[in-house]
Amino acid sequence: MMYDGGKIIIGLLIFIGFSTFPFLFTMGKAVAKPEPKIDTPEIQKMVDKKCIESKQYMKTEHMVILNDWRDAVVRDGLRLYKSKDGRSFDMSLQNTCMKCHSSKKKFCDECHNYVAVKPYCWDCHIAPQEGT
Amino acid sequence: MGILFSFAVVIAIVLIVFAGVRGAGLNYLFAIIIPYLALLTFIIGVTYRVFNWGRSAVPFRVPTTGGQQFTLPWIKSNKLDNPHTSYGVIGRMILEVLLFRSLFRNTKAELHDGPRLVYGSEKLLWLAAIAFHYSFLVILLRHLRFFTVPVPTPIQFLEFVDSFFQVGAPLVYITNFVIVIALLFLLYRRLGMPQIKYISLPSDYFPLFLILAIVLSGIYMRYFDKVDIVGVKQITMGLVSFRPTIPDGIGIIFYIHLTLVCTLFAYFPFSKLVHMAGVFLSPTRNLANNNRMQRHVNPWDYPIKVRSYDDYENEFREKMKKAGIPVEKE
């Protein structure tokens with residue numbers, strides 16, 4: 001026996017709808033995990049297929065590196081990046097990063113779209129032309 | 001006592017996760033089983049509490065009255081603080097739920113030299129409460145980006161607004177700061193003000209410590225000890241599509257954050273936090289003050305067989321006449 005049962009049940013249905021929203025939204029569909037492509041011609045030419053830092057480090061810290069690079073280049077005019085294992089790189093998104101990772105669509109966007117991150121790199125930089 | 005106990009419980013949860021994941025390798029337990037159980041406990045628990053409240057009779061209108069009651073049409077009544085219509089009640093509920101109006105009206109009492117008792121307005125608590133609740137809501141909604149593919153536009157927009165100042169990388173959220181400051185103030189109230197401390201219980205401290213731990217572990221995970229966020233989303237999407245997977249190499253801080261959140265969800269229905277549902281069922285808020293206009297019958301009343309004097313006289317009229325007792329009808 002409930003008093004004002006109708007209103008309470010409507011309220012409860014709204015509550016359950018909200019708290020199970022992700023389940024209702026997905027409906028049990030499998031979601032493909034992102035596969036960023038690292039098979040560009042430039043990478044295949046490399047003997048030692050290594051990014052500027054280790055893969056694990058790049059995975060979690062690339063945004064920090066890019067942010068630091070921007071500050072160093074734009075504000076202080078410093079362009080030389082020394083990696084942890086002593087190699088030197090030009091601090092440049094377009095000339096260093098995108099030289100190997102030449103496809104924004106197949107590399108950057110894969111993961112960024114998956115986790116809905118919208119970096120503002122391309123507000124200033126010119127996004128590379130995608131050859132379909 | 002209560003402070004230390006609540007703090008120790010939060011620390012213990014963190015240590016258990018640490019031992020469970022790092023030591024015993026119970027990733028499946030902490031990333032899959034506990035989240036499902038916590039969500040079930042949350043939904044069933046809150047529903048049960050609401051059903052229970054719904055079963056309690058409200059025999060009489062008991063609204064708190066914060067203004068002039070409706071009497072005669074030419075006397076101005078306060079429609080929101082003393083509503084007598086359903087529309088007034090809806091308005092009052094909207095103000096209560098969205099703007100915490102009753103907390104806004106909160107006053108404080110202070111004893112000054114003299115001794116002199118002084119009442120004053122107390123808006124800081126209201127401000128901290130609003131800041132905390134809305135930050136929490138924004139943070140909760142923002143997290144939907146881990147639970148949906150594709151992420152709905154409103155969620156992305158919310159995140160855009162929250163990171164509007166574009167500071168640092170990953171972008172700093174405004175709510176990060178707001179919720180921490182609000183929580184620290186709410187904690188300071190209970191720790192630093194003797195009167196509030198006197199009436200505080202472990203059930204007051206624990207949610208504060210727990211939520212603070214959730215917030216700090218989340219901030220730490222986003223900006224300092226970063227985890228593989230794509231791997232994290234694979235876990236969360238596995239959960240919501242009932243295809244659980246756990247990629248390797250997810251940092252321990254993720255498991256700590258997740259388990260603290262699960263603790264909050266599971267603890268919710270048993271604690272004062274159910275005021276989330278309770279505010280909608282508060283008889284002092286959601287009833288119209290119309291006792292003078294409408295008759296409210298107590299639902300507990302069982303039907304009483306009433307016998308009128310007419311009835312009585314009809315049965316005994318002849319005998320009454322014979323005995324010489326006066327009757328109303330001949």
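In this predicted model, chain A and chain B together bury about 3300 Å², 71% of it on carbon and sulfur atoms, where buried area is the accessible area (1.4 Å probe) that two parts lose on being put together, summed over both. Tyr3(A), Phe23(A) and Tyr114(A) supply 19% of the area that chain A buries against chain B, more than any other three residues. The contact, defined by heavy atoms within 4.5 Å, takes 34 residues from chain A and 44 residues from chain B.

Between the two chains, two salt bridges are counted, each requiring a side-chain nitrogen of Lys or Arg within 4 Å of a carboxyl oxygen of Asp or Glu. In one of them, Lys59(A) pairs with Asp228(B), with the closest N and O atoms 3.3 Å apart. On the side of chain A that touches chain B, the elements giving two or more residues are helix H1 (5-19), helix H2 (21-26), helix H4 (55-76) and helix H6 (104-114) of chain A, helices being DSSP runs (H or I) of at least four residues, numbered from the N terminus. Of these, H4(A) gives the most, with seven residues. By class, this side of chain A has 22 nonpolar, seven polar and five charged residues, with Ala, Val, Leu, Ile, Met, Phe, Trp, Tyr, Cys and Pro counted as nonpolar, Asp, Glu, Lys and Arg as charged, and the others, Gly among them, as polar.

Asn67(A) lies in helix H4 of chain A and counts as buried because its relative accessibility is 14%, the cut-off for buried being under 20% relative accessible area (1.4 Å probe, protein chains only). Apart from its neighbours within four places in sequence, Asn67(A) is in contact with Tyr120(A), Gly168(B) and Ala169(B).

The largest nonpolar core has 68 residues, of which Val46(B), Leu183(B), Phe254(B), Tyr255(B) and Leu260(B) touch the most other members; such a core is a set of buried Ala, Val, Leu, Ile, Met, Phe, Trp, Tyr and Cys residues joined through side-chain atoms within 4.5 Å. Helix H9 (residues 202-223) of chain B provides the largest share of this core, 13 residues. With neighbours within four places in sequence left aside, Phe254(B) is in contact with Met221(B), Val227(B), Val232(B) and Ile235(B). A second, separate core of nine residues includes Ile52(A), Met58(A), Ala72(A) and Phe89(A).

Residues are numbered from 1 along each chain as its sequence is written, and chains are lettered from A in the order in which they are written. Local features need pLDDT of at least 70, side-chain atom pairs count only at pLDDT 80 or more, and totals for chains, interfaces and linings use all residues, while side-chain values use heavy atoms, with hydrogens and water left out.

Terms used:
Buried < 20%, exposed > 50% of the residue type's maximum accessible area, 1.4 Å probe, protein only.
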